Amino acid sequence: MTIINGSDIRSWDPAITSGTYPGGPMDVLDAVYGFLVYVDVGGKVVGGMAEGLTSTDAMTWTLRLRDGVTFTDGTPFDAEAVKYNWERAADPATLAPTQAFMASWVKSIRVVDARTLTVTLPAANANFAAQVAELCPFIASPAALRAAKEKTDIKPVGAGAFTLVSWNQGISMTLARNPGYWDAPRPYLDTLVFKIIPETNSRIATVVQGGATMMAGYPYQFGSNARARGVATVEIPIRGIYRAYFNQVRGIFTDVRAREAFYAAIDRARLMQAYTQTAGYKPPGNYFGSRSPYFDGSHALPAYDRQKAQALFDAVKTDGKPVEIRIVTYTNSDLKRLGAYVQQVLGSYSGVKPVLVEVDQAMLSQRCKTQLDFDLCFEGGVMVSNGPEPVISNLLSSGGVFNWGQYRSAAMDAALAKAGSTTDPVAVKAAYAEVQDLMAKDLPFYLFGEETRSLLLRDNTGGVVPSNGGILQKQFLFVCAEACAK
């Protein structure tokens with residue numbers, strides 16, 4: 001089976017995680033290392049490489065590993081190995097994006113026995129297991145990690161469903177079935193290939209022509225290709241949000257009036273139409289979709305209002321100079337179209353000078369998140385939230401790993417902590433109402449659309465089991481002799 005990804009990994013470091021969406025870099029890490037635990041499509045945390053991660057008080061958590069699991073170098077997949085990986089990720093020198101999260105509790109890890117360890121959190125957190133599934137799920141052989149002098153030297157030695165055979169960086173990688181995988185007879189595939197194709201249209205053509213098994217994308221991208229012979233689509237039934245980040249460290253968007261002006265300046269339904277070339281989108285009212293049990297319609301994001309936008313832009317001008325907005329995104333056809341539309345609309349306002357900067361997809365995170373070299377940064381694709389956490393905190397909390405614009409709010413941190421510290425559904429809903437109120441007032445990022453991802457795949461593809469942000473559990477995949485039964 002061949003899966004197309006849009007970009008390659010930079011190293012096999014299990015601590016360098018970047019979102020569990022299909023078609024992303026974590027796909028290959030999962031294939032080799034496997035998830036300790038993962039979140040199923042119903043929002044339930046289930047066991048993967050571990051039997052489970054549980055707590056009775058949301059404060060002390062117990063990780064119970066499976067019996068008899070070994071890394072492919074023959075060393076034991078035990079509690080000491082997990083402890084080593086987590087302590088390593090908490091070390092600032094590792095440069096793990098989740099370092100701050102890990103460091104907040106890593107010193108409390110206690111190895112009970114070879115298969116059991118406990119973590120005592122500084123405060124109750126009912127979402128801890130889901131956060132582990134998203135932020136620190138991969139465990140590598142400590143021996144392999146110690147042997148590597150540099151990140152680029154790390155050899156991928158895990159206990160997951162597959163082992164690495166070859167890696168032509170930026171082109172493809174080939175993996176083989178791990179005969180010692182704990183959940184025999186899985187995996188069902190003998191060989192799994194990842195092919196790197198950055199351009200969306202090229203990915204689609206490759207699947208339609210039979211050059212690959214599947215790719216992740218959206219129905220608006222597939223068009224009539226979804227009805228081609230031998231091709232099928234599978235929806236991943238988890239809502240995702242389209243977003244862009246406001247730089248709140250320097251530049252115009254440090255002023256909330258500028259963020260409000262941007263919301264008012266562009267009709268988000270028209271923006272989505274320009275982006276997807278499909279009409280009929282309705283802008284989301286707030287972080288939670290209308291079908292969510294946490295949705296509160298009384299806290300709405302600003303509506304399109306050209307007159308209000310112009311007045312706000314005028315108000316934030318300094319020294320009579322034009323308001324310059326650097327819009328950063330990456331160079332695929334969809335994002336180019338989106339960026340050009342935003343630039344065109346902003347340019348229609350008096351005193352506003354939009355500058356569009358396009359970078360290679362692999363460099364977007366470094367440009368925006370690391371260097372903060374942007375005013376507004378559009379990241380492609382939707383961010384899927386399979387339940388509120390851990391994505392909502394990663395986006396909105398101070399120091400959250402997806403908080404690229406570095407929004408900081410003690411009130412928001414308190415509301416998110418309140419939601420995570422209790423299992424009382426009434427209290428949780430009240431806390432998330434506060435979150436939506438602050439979202440509408442502070443406008444921490446630009447939320448312009450919502451969508452579910454889909455897979456474009458050959459119709460003889462079976463065993464599609466999405467998890468977390470839509471990433472597939474590779475051990476379940478199989479190939480049917482003909483088209484798989486629906």
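In which sense do strand β13 and strand β14 pair, and over how many bridges? Start there. This is a predicted model.

**Stop 1: the strand pair.** Select residues 323–330 for β13 and residues 352–359 for β14. The two strands run parallel, paired over eight bridges. Show the side chains of Glu-324 and Lys-353: Glu-324 stands opposite Lys-353, which lies in β14.

**Stop 2: the nonpolar core.** Next, select Trp-86, Trp-105, Ile-266, Leu-346, Phe-378, Leu-395 and Tyr-446. These residues have the most contacts inside the largest nonpolar core, which has 151 residues. Strand β12 (residues 231–246) supplies the largest share of this core, eight residues.

Zoom in on Ile-266. Leaving aside residues up to four places away in sequence, Ile-266 touches Leu-271, Tyr-304, Tyr-341, Val-342, Val-345, Leu-346 and Tyr-446.

A second core, of nine residues, is separate. Pick out Ile-4, Ile-204, Val-207 and Phe-222, which are among its members.

**Stop 3: helix α2.** Move to residues 79–90. Helix α2 has twelve residues and reaches 17 Å from first C-alpha to last, close to the expected 16 Å. Which residues of α2 are buried? Color Ala-79, Ala-81, Val-82, Asn-85, Trp-86, Arg-88, Ala-89 and Ala-90. Then show what these buried residues pack against: β5 (60–65), α3 (99–103), β6 (110–113), β7 (116–120), α4 (128–135) and α5 (142–147). End on Trp-86, a buried residue of α2 and one of those with the most contacts inside the largest core.

Note on methods
Residues are numbered from 1 along each chain as its sequence is written. This is a predicted model: local features need pLDDT of at least 70, side-chain atom pairs count only at pLDDT 80 or more; totals for chains, interfaces and linings use all residues. Side-chain values use heavy atoms; hydrogens and water are left out. Helices (H or I, at least four residues) and strands (E, at least two) are DSSP runs, numbered from the N terminus. The expected span of a helix is 1.5 Å times one less than its number of residues. Buried means under 20% relative accessible area, exposed over 50%, partly exposed in between (1.4 Å probe, protein chains only). Contact means heavy atoms within 4.5 Å. A nonpolar core is a set of buried Ala, Val, Leu, Ile, Met, Phe, Trp, Tyr and Cys residues joined through side-chain atoms within 4.5 Å. Two strands pair if DSSP finds at least two bridges between them.
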